[in-house]
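Here are my notes on the model, as numbered points. Please read them with the structure open.

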Amino acid sequence: MIKVLNILSDSNIGGAGRLLVNYLHNFDRSVFDIKVILPRDSQLKPHITDAGYEVLEIDGGRDKSFDMKATREIQKIIKEWKPDIVHTHSAFSGKLAAFLCGVPCRFYTRHSAFKPSKKLTTFPGRQINGFVNNTLATDIVAVAQAAADNLTDTGVDPAKITVIINGVDEMRRISESEKSALKEKLGISESTFVCGISARLEDYKGHSYLLDSAKTVITSHPDTVFLIIGCGSCEESLKKQASDLGIADKVIFTGFVDDVAPYYNIMDLNLNCSWGTETSCLALSEGMSLSVPAIATDYGGNPYMITDGVNGYIVPEKNSAAMAEKIIELIGDRAALRSLSVGAREMYDKKFTAKAMTKQLEELYIESYKKHKK
């Protein structure tokens with residue numbers, strides 16, 4: 001058995017946590033013995049335990065990439081369990097602990113893509129960043145080519161990087177009666193066109209631009225609502241913006257949702273408005289698994305996932321008018337919407353299943369294990 005220790009610092013359920021859960025549901029347990037380190041009382045814990053894996057809780061490092069207390073706690077766990085592979089997700093404390101303990105295979109995943117600062121792409125920052133990452137990691141997973149480009153631009157050895165596109169388990173379908181009940185609960189009529197976005201409410205996810213688009217759409221098509229799923233630091237400012245725009249009654253803020261599947265089931269369109277960080281968006285894959293087409297910005301990995309006229313449309317980032325134009329176009333052309341829906345499911349089956357993603361990671365684990373294990 002190959003012993004794998006995954007480490008996350010998130011107290012909430014973000015993209016990294018959801019991605020890990022998708023992996024865990026699909027790993028070959030006859031080959032891999034897996035445990036997960038989380039900060040104490042993380043919202044992710046029940047999802048890991050429900051999948052049948054042990055969670056080891058630590059007191060340090062809560063929502064912090066680096067924390068010396070967390071590093072010491074992780075070192076203790078590593079020394080006791082002696083994993084063959086340590087795989088960190090936005091947890092520098094885990095990277096350092098694995099290196100200090102001499103773990104033979106040290107993985108980390110780059111989950112985001114954004115324009116690196118000049119300090120990290122020029123001397124001496126590029127050389128320092130490259131040295132640190134190349135030293136601490138034996139293998140690096142990038143969840144999109146855009147993420148891999150970020151790494152190499154900041155000095156990381158391209159030979160260490162493998163691109164594995166995010167995949168998701170198929171979201172469950174709910175019955176027509178369940179759809180009607182959820183719509184009734186949310187105050188949505190059966191005839192209403194539903195646009196949705198599932199993303200943390202942070203500036204770089206572009207919700208403020210979406211609300212400007214929503215104003216334009218609702219003005220011309222009043223029987224439209226916008227579901228905003230998630231929580232984050234911008235929640236209150238976005239609610240105020242919706243109120244100021246006079247569309248508060250057409251914008252539904254759900255807050256944190258533990259089970260997003262029912263919400264995707266009632267969406268006609270899945271939206272992504274990111275302008276600051278995005279790789280292979282899990283929310284887009286989840287929507288596609290239920291045949292929901294998308295309109296997404298051209299930032300990061302979105303153009304790899306959405307092909308114009310096949311499973312949705314790509315629009316320029318921070319361009320509310322372009323987003324509104326495409327939404328209005330599809331509200332008025334239901335035949336085109338149906339065609340995109342078919343394309344969305346076909347694209348999911350071809351590229352974005354969790355099973356295919358996990359198989360690639362398993363193969364990378366085994367290759368690294370054979371290479372580095374003494």
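1. Strand S12 (residues 294–297) is buried on both sides. Ala294 and Ala296 point one way, Ile295 and Thr297 the other way, and all are buried. Buried here means under 20% relative accessible area, exposed means over 50%, and partly exposed is in between (1.4 Å probe, protein chains only). Strands (E, at least two residues) and helices (H or I, at least four) are DSSP runs, numbered from the N terminus. In a regular strand the side chains alternate between the two faces of the sheet.

2. A word on the basis. This is a predicted model, in which local features need pLDDT of at least 70 and side-chain atom pairs count only at pLDDT 80 or more, while totals for chains, interfaces and linings use all residues. Residues are numbered from 1 along each chain as its sequence is written, and side-chain values use heavy atoms, with hydrogens and water left out.

3. Strand S11 (residues 269–272) runs parallel to S12, and 3 bridges join them. Two strands pair if DSSP finds at least two bridges between them. Asn272 stands opposite Ala296 in S12.

4. Strand S8 (residues 193–198) is mostly covered: 6 of its 6 residues are buried. Phe193, Cys195 and Ile197 point one way, and Val194, Gly196 and Ser198 point the other way. S8 pairs with strand S9 (residues 224–229) in the parallel sense, over 6 bridges. Gly196 has Leu227 in S9 as its bridge partner.

5. Next, the open sheet. It has 7 strands in the order S3-S2-S1-S4-S5-S6-S7, with parallel pairing. Strand S3 (54–58) and strand S7 (161–163) are the edge strands, and each pairs on one side only. On average, neighbouring strands are turned by 25° against each other, direction ignored. Axes are lines fitted to C-alpha atoms, for helices over the stretch in contact, and angles run from 0 to 180 degrees between N-to-C directions.

6. Within that order, strand S1 (residues 2–8) and strand S4 (residues 85–89) pair in the parallel sense over 5 bridges. Leu8 stands opposite His89 in S4. Helix H1 packs on the sheet, where it touches S1, S2 and S4, and its direction makes about 160° with that of S1. Contact means heavy atoms within 4.5 Å. Helix H3 (residues 68–81) lies across S1, S2, S3 and S4, at about 170° to S1.

7. Glu80 has a relative accessible area of 59%, so it counts as exposed.

8. The structure holds 7 aromatic pairs. Rings of Phe, Tyr and Trp (its six-membered ring) pair if their centres lie within 6.5 Å; planes under 30 degrees apart count as stacked, over 60 as edge-to-face and the rest as tilted. Tyr23 and Phe27 form a tilted pair, 6.1 Å centre to centre with 35° between the planes. Tyr23 counts as buried because its relative accessibility is 2%. Phe27, at 7%, counts as buried too.

9. Phe27 also pairs with Tyr365, and this pair is stacked: 6.0 Å centre to centre, 5° between the planes. Tyr23, Phe27, Phe32, Phe107 and Tyr365 form one aromatic cluster.

10. Lys318 lies over the face of Trp275, at 4.1 Å from the ring centre. Lys351 has its charged end over the ring of Tyr304, 4.3 Å from its centre.

11. Helix H14 (residues 320–332) passes a length check. At 1.5 Å a residue its 13 residues should span 18 Å, and its end C-alpha atoms are 18 Å apart, which agrees. The expected span is 1.5 Å times one less than the number of residues. Buried residues of H14 include Met323, Ile327 and Leu330.

12. Last, Gln241 in helix H10 (residues 235–244). Its relative accessibility is 17%, so Gln241 counts as buried. Gln241 touches Ser208, Leu211 and Asp212, not counting residues up to four places away in sequence.

Definitions and conventions. Lys NZ or Arg CZ within 6 Å of the ring centre and 35° of its normal.
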